[in-house]
Amino acid sequence: MNALKKWQLDQGLSLRNLGLKLGVKGKNTAVNVMRWIKSDRIPSVKYMRIITKVTGITPNEIYQAYYDKNKL
């Protein structure tokens, strides 16, 4: 399980609320977060810093989940 998904479940947050907690703005807050959780997209450096600060998840954990899913 993706570290960000695990953290989301542990905190009992919806995708939208997780996005708001991470400062994701726009119409598709939940969609952006869902793509990060499903390892379809890697967060930008700006959001990577916020994710690390808020959740304690390291960028390496996010990159590893992306590489594992995409067989890179």
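Predicted model: local features only at pLDDT ≥ 70, side-chain atom pairs only at ≥ 80, totals over all residues.
Figure 1. In other words, the chain has five helices and zero strands. Its radius of gyration is 11 Å, close to the 11 Å that the globule rule gives for 72 residues, so the chain is as compact as a globular protein of that length. Along its principal axes, the C-alpha trace spans about 30 × 25 × 20 Å.

Figure 2. Of the 72 residues in the chain, 31% are buried. The chain exposes about 4,700 Å², and carbon and sulfur atoms supply 52% of that area. Take the contacts between residues at least 6 apart in sequence: 41% of them join residues at least 24 apart.

Figure 3. Is Asn2 buried or exposed? Its relative accessibility is 13%, and the cut-off for buried is under 20%, so Asn2 counts as buried. A polar atom of the Asn2 side chain lies 2.7 Å from the backbone nitrogen of Leu4. The side chain of Asn2 also makes a polar contact of 3.3 Å with the side chain of Ser39. Setting aside residues up to four places away in sequence, Asn2 touches Trp36, Ile37, Ser39 and Ala65.

Figure 4. Ile37 lies in helix 3 and is buried, with a relative accessible area of 10%. Which residues does Ile37 contact, leaving aside its neighbours within four places in sequence? They are Asn2, Leu4, Lys5, Gln8, Leu15 and Leu18. Look for Met1 in this view too: Ile37 and Met1 are 36 residues apart along the chain, and their C-alpha atoms are separated by 9.1 Å.

**Figure 5. Ser39, a loop residue with a positive phi.** Follow the chain on from helix 3 and you reach Ser39, in the loop between helix 3 (29-37) and helix 4 (45-55). Most residues other than glycine have a negative phi. Ser39 is not a glycine, yet its phi is positive, at about 60°. Ser39 is buried, with a relative accessible area of 6%. The side chain of Ser39 is the partner of the Asn2 side chain in the 3.3 Å polar contact, and Ser39 is touched by Lys69 as well.

Figure 6. Not counting residues up to four places away in sequence, Lys69 touches Lys38, Ser39 and Asp40. With Asp40 there is a polar contact too, at 2.2 Å between the two side chains. Lys69 and Lys38 are 31 residues apart in sequence, while their C-alpha atoms are 8.6 Å apart in space.

Definitions and conventions: Residues numbered from 1 in each chain as written. Heavy atoms only, no water. Buried < 20%, exposed > 50% of the residue type's maximum accessible area, 1.4 Å probe, protein only. Polar contact = N/O pair within 3.5 Å; in protein donor to acceptor, adjacent residues only side chain to side chain. Contact = heavy atoms within 4.5 Å. Helix = DSSP H or I, 4+ residues; strand = E, 2+ residues; numbered from the N terminus. Rg over C-alpha atoms; globule rule 2.2 N^0.38 Å. Areas by Shrake-Rupley, 256 points an atom, 1.4 Å probe, with all protein chains shown as cover.
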